[in-house]
Amino acid sequence: MSDAYTLGCPHCLTINRVSQARLDDVPRCGKCHKPLFTREPLVLTAANFPALVERSTLPVVVDFWASWCGPCKAMAPVFAEAARELAPRLRFAKLDTEAERALAGRFAIRSIPTLVVFRGGQEVARQAGLMSGPQLRQWLHPHRV
């Protein structure tokens, strides 16, 4: 397996290759020169999903949520803290199931919040329901690079 990861730029969606050894060096996009990691969850849409999730060989943790969902609101700060703590070893993103119904349907999201870990566009783990910070970090531990 290569020691480089492919990941999309959250700003211009250009696909970049980043060596595993350079993940902690605040890598920048080769096209727009902006940071590839914001340490905040990215907002996913149908337009950016292919570049940010499907083409990423770095694991991406997606929080499927909705604004009316109480447990989703409670999960939001836990998820944001995990993004600050665990990036760039994992990438974090949020997908509003109300705004992106087709994507939510494509992944058979039946309850929210649901967290899904993707690698190379393939689902590798799924967990439905509210989690505490320690529970989330423990669940994510095997997926870190």
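Analyst: The disulfide count is zero, taking a disulfide as a pair of cysteine sulfur atoms within 2.5 Å. The model is predicted: local features need pLDDT of at least 70 and side-chain atom pairs 80 or more, while totals for chains, interfaces and linings use all residues. Numbering runs from 1 along each chain as its sequence is written, and side-chain values use heavy atoms, without hydrogens or water.

Cys32 has its closest cysteine sulfur in Cys9, 3.6 Å away, so the pair is too far apart for a bond. Cys32 is partly exposed, at 25% relative accessible area. Cys69 is buried, at 4%. Buried means under 20%, exposed over 50%, partly exposed in between (1.4 Å probe, protein chains only).

Now the packing. The largest nonpolar core has 20 residues. Such a core joins buried Ala, Val, Leu, Ile, Met, Phe, Trp, Tyr and Cys through side-chain atoms within 4.5 Å. Leu44, Phe49, Val62, Phe64 and Phe118 have the most contacts inside it. α1, β4, β5, α3 and β6 each supply at least two of its residues; these are DSSP runs, helices H or I of at least four residues and strands E of at least two, numbered from the N terminus. A second, separate core of 15 residues includes Phe92, Leu115, Met131 and Trp139.

Phe118 touches, among others, Phe49, Val53, Val62, Phe64 and Phe107, leaving aside neighbours within four places in sequence. Contact means heavy atoms within 4.5 Å.

Helix α2 (70-86) also has buried residues, including Cys72, Met75 and Phe79. Their cover includes β4, β5, β6 and α4.
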